Amino acid sequence: MSALNENRKNAVLFTIALVIAAIYLFPLYWMYVTSLKTNSSIFAVPPEFLPGAPQWQTYALIWNESDILRYLKNSIFIATGVTLVTVIVGAGAAYVLARYRSIWIDIALFTILMLQVLPPSLMVTPIFVAFTSLGILEYPRIGTILAISAKTMPFFVILCRAAFMSIPRELEEAALVDGNSRAGAFVMIVLPLARNGILVAALLIFMQGFGEYVYSASLIADNRLQPASIGMTNYLQPNVVTWNAIMAFAATYVTPILAAFVLLQRKIVSGLTSGALK
Amino acid sequence: MTATDQKPQIEFIDVDKHYGSFHALKAINLAIPKGQFVALVGPSGCGKSTLLRTLAGLEKITSGTLNIAGERVNDIPPRKRDLAMVFQSYALYPHMNVRDNLTYALRLKGVSKAERARKADEVAAVIGLDNLLDRKPRELSGGQRQRVAMGRAIIREPKAFLFDEPLSNLDASLRVRMRKEIRALHDRIGSTSVYVTHDQIEAMTMADHVVVMQAGVIEQQGAPLTLYEKPVNRFVAGFIGSPAMNFVPATVDDTGQTIRLDLKGQPTIAIARRFPPGTHVVAGLRPEHVDIGDPDAAGYAPIKISAVEATGSATYLFSDDDPELIIVAAGGHSARAGDTVGFKIAPDRVHLFDPKTGITLGD
Ligand SMILES: Nc1ncnc2c1ncn2[C@@H]1O[C@H](COP(=O)(O)OP(=O)(O)O)[C@@H](O)[C@H]1O
Ligand SMILES: [Mg+2]
């Protein structure tokens, strides 16, 4: 009897999960479908859930006629920069925060969490002013990388700190007694053991950098330096809105990242949830 | 012998260690000659590991002097102290196979790969790990991990070996076997060893020199039997020996040569030295030093038995008293719970302690 109840409960929960997943994924689906429709069928009533004849030429069009390649290059440049800055600075910070115990460490952690709370739209004005007066906006993509890194840092530090804390201190101490220096033990013992955690965190940071909008929109004025997140909105022209082109652009933009996420999802989940010693 | 040979290999001079406001080591003085096997023993939290870690350089001492091989090492980092350490958790590097674990220290020293492989094979044969060199630590049993940890220490030729409760994660029979093996390795290599344990039997059976600690203080140090026969205070007397010494409050009689035990029936026993009549003392009676006989025979005091535990090799009798006495009788002893037996103890085997300070009286 209870087994039957259990089964029914599982079925209900599974259905709810499916529905929620469908709601979340519907916009994604709609993006792909719309990108393959003709302009007239986009506005058909009732809406067409499957495109009649897929209009692949839309993809060829945006590939040839828009500057999507340039935009994507900029996105990759910014995402890579953000990841490098975040990982290099953040891993060191996370290690210190994981290994030293004092009231100052607790204060530092709290401050880091505070940073995570502040929305970019609030931060962007002071950052703009500061970067302008420092001359950093001469190199707008570098400025954007720094601004985004400040935003991604807390998340990374907290993930990375957890990875370091799961590594027993005695391993480092054994390395010290075996003849290693503090830095050597960090590089030879701690980093390899925390590798999975760090890689997963870095991947998430890369995705954040790749999709970032607010700082890029505010700090990069020159069209040629803008990333794809901005480039896409350039299609929203006042009079003619070519939805299928925008959706094809969007699909080209997010598909690689989605694919990476799907391929690596098992690693990502285990890297986030398990200790580093598995 | 030259003068340098007589210098202790390891020397703590008035060493203190504070963790913030917590005073973890108090005025430690300890000199360990080259080649000696020293055990640090004491209850959990007494500072044994802290002492070992200051020696390894993993903790800085707050004051005092620490010498290794005649050189002051207070400010020398662990990697330059040339010591090998076996951790309680073994601390094997999980991402390296057994061979790389064993030879990690050699690799840091810049020893060539071929030479490292040769050494690894040699050590693996010594500790019985020949077939496991390519395994990762997680693929080994507890006993095998322990052996790797040992191997990682002996592959070097360090100034001393440090052990922090290396056997506490093994089962009882393996522990007894490893006790002998570690001691045999020590003798073969001719090294200096400092061995931390909370198990007094381990300390007594393995070491040349036993250091008993409590609350950051060295209570007594000496040869194992010296600690057993001449404990300087009640703590050491109670800590060394198993089952533990019985402590009974007592008063010196009018003659000054016997004491009345504060037990049922106020039994009287003779002591070896004369004390002022009326002095309050605590008598220490080792369970294995008490003779059991006919309660009516001359020289025997009666005592009622509340429980009996026979292990075969020995029979433990528990008295119906407060404090309860434990007596070790011969295996197969016929006493039963409820019986009254006679007990006797040789005067020179009665330990007497000051009831307030716990310091041994006499001598
Ligand atoms: N890093 C530390 N900070 C503060 N107190 C410590 C630290 N390490 C050990 N202690 C304290 O010092 C005392 C001795 O610890 P330890 O040397 O580990 O004892 P044990 O004899 O069991 O090995 C304990 O009370 C412990 O709480
Ligand atoms: Mg300890």
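1. Start at the boundary between the chains. Glu173(A) forms a salt bridge with Arg53(B), with the closest N and O atoms 2.8 Å apart. A salt bridge here is a side-chain nitrogen of Lys or Arg within 4 Å of a carboxyl oxygen of Asp or Glu. The rule finds 2 salt bridges across the interface of chain B and chain A. It also finds 10 residue pairs in polar contact there, both residues at pLDDT 80 or more. A polar contact is a pair of N or O atoms within 3.5 Å; within protein, one must be able to donate a hydrogen and the other to accept it, and residues adjacent in sequence count only if both atoms are side-chain atoms.

2. A word on the basis. This is a predicted model, in which local features need pLDDT of at least 70 and side-chain atom pairs count only at pLDDT 80 or more, while totals for chains, interfaces and linings use all residues; side-chain values use heavy atoms, with hydrogens and water left out. Residues are numbered from 1 along each chain as its sequence is written, and chains are lettered from A and ligands numbered from 1 in the order in which they are written.

3. H3(B) gives the most, with 4 residues. This side of chain B divides into 15 nonpolar, 2 polar and 5 charged residues. Ala, Val, Leu, Ile, Met, Phe, Trp, Tyr, Cys and Pro count as nonpolar, Asp, Glu, Lys and Arg as charged, and the others, Gly among them, as polar.

4. Now the extent of the contact (heavy atoms within 4.5 Å). Chain B contributes 22 residues and chain A 16 residues. The two chains bury about 1700 Å² between them, 64% of it on carbon and sulfur atoms. Buried area is the accessible area (1.4 Å probe) that two parts lose on being put together, summed over both.

5. Ligand 1 sits against chain B. The residues around ligand 1 include Tyr19(B), Phe22(B), Pro43(B) and Cys46(B); a residue is near a molecule if one of its heavy atoms lies within 4 Å of it. The shell divides into 4 nonpolar, 5 polar and 1 charged. Helix H2 (residues 48-56) of chain B gives the largest share, 3 residues.

6. For a backbone N or O atom of Lys48(B), the distance is 2.9 Å. An N or O atom in the side chain of Thr50(B) is 2.5 Å from an oxygen atom of ligand 1. Taken alone, ligand 1 exposes 560 Å², and the protein buries 59% of that (Shrake-Rupley method, 1.4 Å probe).

7. Chain A has 12 helices and 0 strands. Its C-alpha trace spans about 75 × 70 × 30 Å along its principal axes. Glu172(A) and Arg99(A) meet in a salt bridge (2.7 Å, N to O). That pair links distant parts of the chain: Glu172(A) is in helix H8 (residues 169-177) and Arg99(A) in helix H4 (residues 68-99), 73 residues apart.

8. Check the backbone of chain B. A cis peptide bond joins Ser242(B) and Pro243(B), with omega about -5°. Another cis peptide bond joins Asp322(B) and Pro323(B), with omega about 0°. Ala27(B), in strand E2 (residues 22-32), has a positive phi near 45°.

Technical notes. Helix = DSSP H or I, 4+ residues; strand = E, 2+ residues; numbered from the N terminus.
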